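Here is a friendly walk through one protein model, starting at its surface and ending with the overall fold. Have the viewer ready and follow along.

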Amino acid sequence: MLYIVKFWTKLLFVESPPIFSVTALINEKNNLLFLNLSYQNGLGLPGGIVKKGETLEEALRREVFEETGLKVVGCEYFTSVTAEYKGIPTASAVFLVKTSGKIKSSEEGTLSWMRPEEAISKMFYKDNIISLKKYIAHR
C-alpha cells in the first residue's frame, strides 16, 4: 500500500517532462526564413515537435520540408533552448540549416525572409525568441 501511495505522489507532483522539438535557422544573405503563422498572431521559425521514433535530424528534415518545401542538405547543431508553452515545458534543439529547392508556403503559414533583429519583436513562440537572441549575439 505504501508503494502505491509513493508512486501516485511521485506521478502527480513531479514536473512533466518537456516536449522535444527542433528549430531551423535558414540563412540567406543575412536574412532568416520565417513563417507568418496562419494559426497564431505572429512569426515562427521552421520546425516542430519530434515524433516518436524520430531522430532530431529526421524531425528537422521533415518539418523543414513540410513547412517550407525546402530539402535540408546540411545542418549543424547551434544550441538548445528551454521554455514553456501554455504551461507545458519545451526543449528545442536549434540547427543552422542549409537547404535546396524553392520555398513554398504551407498550411502553417506564409514564408518571408527577414533580418532577425526586425523579426524578434514579432515572434509568437518564447523558444524562438530565445533562439534568435542567441543567434544575434553569436554573429
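Predicted model: local features only at pLDDT ≥ 70, side-chain atom pairs only at ≥ 80, totals over all residues.

## A nonpolar patch

Ile-19, Ile-49 and Ile-88 together make a nonpolar surface patch of about 240 Å². Of these residues, Ile-49 belongs to strand β4, which covers residues 47–49. Ile-88 sits within the range of strand β6, residues 88–100.

## Thr-90 in strand β6

Strand β6 also holds Thr-90. Is this residue buried or exposed? Thr-90 counts as buried because its relative accessibility is 13%, below the 20% cut-off.

Leaving aside residues up to four places away in sequence, Thr-90 touches Pro-18, Ile-19, Val-81, Thr-82, Ala-83, Glu-84 and Tyr-85. One of these neighbours, Ile-19, is also a member of the nonpolar patch.

## Glu-58 in helix α2

Now turn to helix α2, residues 56–68, where you will find Glu-58. Glu-58 is partly exposed, as its relative accessible area is 35%.

## The whole chain

Zooming out, the protein has four helices and seven strands. Along the sequence they follow the pattern α-β-β-β-β-α-β-β-β-α-α. Of contacts between residues at least 6 apart in sequence, 67% join residues at least 24 apart.

How many of the 139 residues count as buried? The share is 38%. The accessible surface of the protein comes to about 8,800 Å², and carbon and sulfur atoms account for 58% of that area.

Definitions and conventions
Residues numbered from 1 in each chain as written. Heavy atoms only, no water. Helix = DSSP H or I, 4+ residues; strand = E, 2+ residues; numbered from the N terminus. Buried < 20%, exposed > 50% of the residue type's maximum accessible area, 1.4 Å probe, protein only. Contact = heavy atoms within 4.5 Å. Patch = residues over 30% accessible without salt bridge, like charges linked within 9 Å, V, L, I, M, F, W, Y side chains within 5 Å. Areas by Shrake-Rupley, 256 points an atom, 1.4 Å probe, with all protein chains shown as cover. Salt bridge = Lys/Arg side-chain N within 4 Å of Asp/Glu carboxyl O.
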